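Here is a short briefing to read next to the model. Take a moment with the fold first, and then we can walk through it together.

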Amino acid sequence: MAAKPELNSDAGLKKLDDYLLTRSYLTGYKASKDDITMIVCLSDPPSSQYVNLSRWYNHIAALLRTTGISDEIRGVNADGSYPITKRAVATLPAADSKDDDSNEENYDDVDLFGEETEEEKKTAEERAVSVKPSTKKKESGKSSVLIDIKPWYDETDMKKLEDAVRSIQMEGLFWGASKLVPVGYGIKKLQIMCTIVDDLVSVDTMIEEQLTVEPINEYVQSCDIVAFNNI
């Protein structure tokens, strides 16, 4: 079998992940000693970012657990290598004798990271398309908000106050109906509706950074959210 890739590097793991895109096993159509040899070379389970490698690793690890030998291959030799026992290889699900003979003859000729054939490339492309996540943007929710806006004085020009409020424009903000509501001592507050796109507009931020700062705070004393409902 060809030399093993450098599995302690991202590049090596990426190569192995790409190789396993269209394969369930390293060689042939059943688990073999190549799979055990490779799995014990991995010091830890691969990161989930390597989707194909993780799938293969979990499958081979499950096969080893069902045979009761998963603990047997965890020891490390003095030179840092992992022991591959005859029992570990022999306990794998048996393949047809014809397949075994064929695989044994071809072990030295297998290049795990050689050039792909046209058929392999086509299969890989078809599989990549099938597992590619949807790029369609998820539609964001909307909310209806009722805001109370109080002026400083009873002499405050409420028409200018409302014009100043409506002058705030941003993506995802839509001003609606409004009315003046008596508060007391001749003072009226502006009660105004707006519709927002939740992912684009924060009402709290709009109040803190726009409705209660210059130049609008010339008219506006305070703002309160009276109602906030998802549409």
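Which residues on the other side of α8 are exposed? They are Glu208 and Glu209, where exposed means over 50% relative accessible area, buried means under 20%, and partly exposed lies in between (1.4 Å probe, protein chains only). Please keep in mind that this is a predicted model, in which local features need pLDDT of at least 70 and side-chain atom pairs count only at pLDDT 80 or more, while totals for chains, interfaces and linings use all residues. Residues are numbered from 1 along each chain as its sequence is written, and side-chain values use heavy atoms, with hydrogens and water left out.

**Overall picture**
- The protein chain holds 8 helices and 4 strands, taken as DSSP runs numbered from the N terminus (helices: H or I, at least four residues; strands: E, at least two).
- Along the sequence, the pattern reads α-α-α-α-α-α-β-α-β-β-α-β.
- Of the 231 residues in the protein chain, 33% are buried.
- Among contacts (heavy atoms within 4.5 Å) with a separation of 6 or more, 67% are between residues 24 or more positions apart.
- The accessible surface is about 14,800 Å², and carbon and sulfur atoms account for 49% of that surface; the areas come from the Shrake-Rupley method with a 1.4 Å probe.

**The sheet**
- The 4 strands make an open, antiparallel sheet in the order β2-β3-β1-β4, with strands counted as paired if DSSP finds at least two bridges between them.
- β2 (173-184) and β4 (220-230) are the edge strands, each with a single partner, so one side of each has no neighbour in the sheet.
- On average, neighbouring strands are turned by 20° against each other, direction ignored; axes are lines fitted to C-alpha atoms, for helices over the stretch in contact, and angles run from 0 to 180 degrees between N-to-C directions.
- Strand β1 (residues 142-151) runs antiparallel to β4 and is joined to it by 9 bridges.
- Val145 has Phe228 in β4 as its bridge partner.

**Helices on the sheet**
- Helix α7 (residues 158-166) packs on the sheet and touches β1, β2, β3 (187-197) and β4, with its direction at about 15° to that of β3.
- Helix α8 (residues 203-211) also packs on the sheet, touching β1, β2, β3 and β4, and its direction makes about 165° with that of β4.

**A closer look at α8**
- Val203, Met206, Ile207 and Leu211 are buried in α8.
- These residues sit on the same side of α8 because they cover an arc of only 100° around the axis, judged by the directions from the helix axis to the C-beta atoms.
- The cover over the buried residues of α8 includes β1, α7, β2, β3 and β4.
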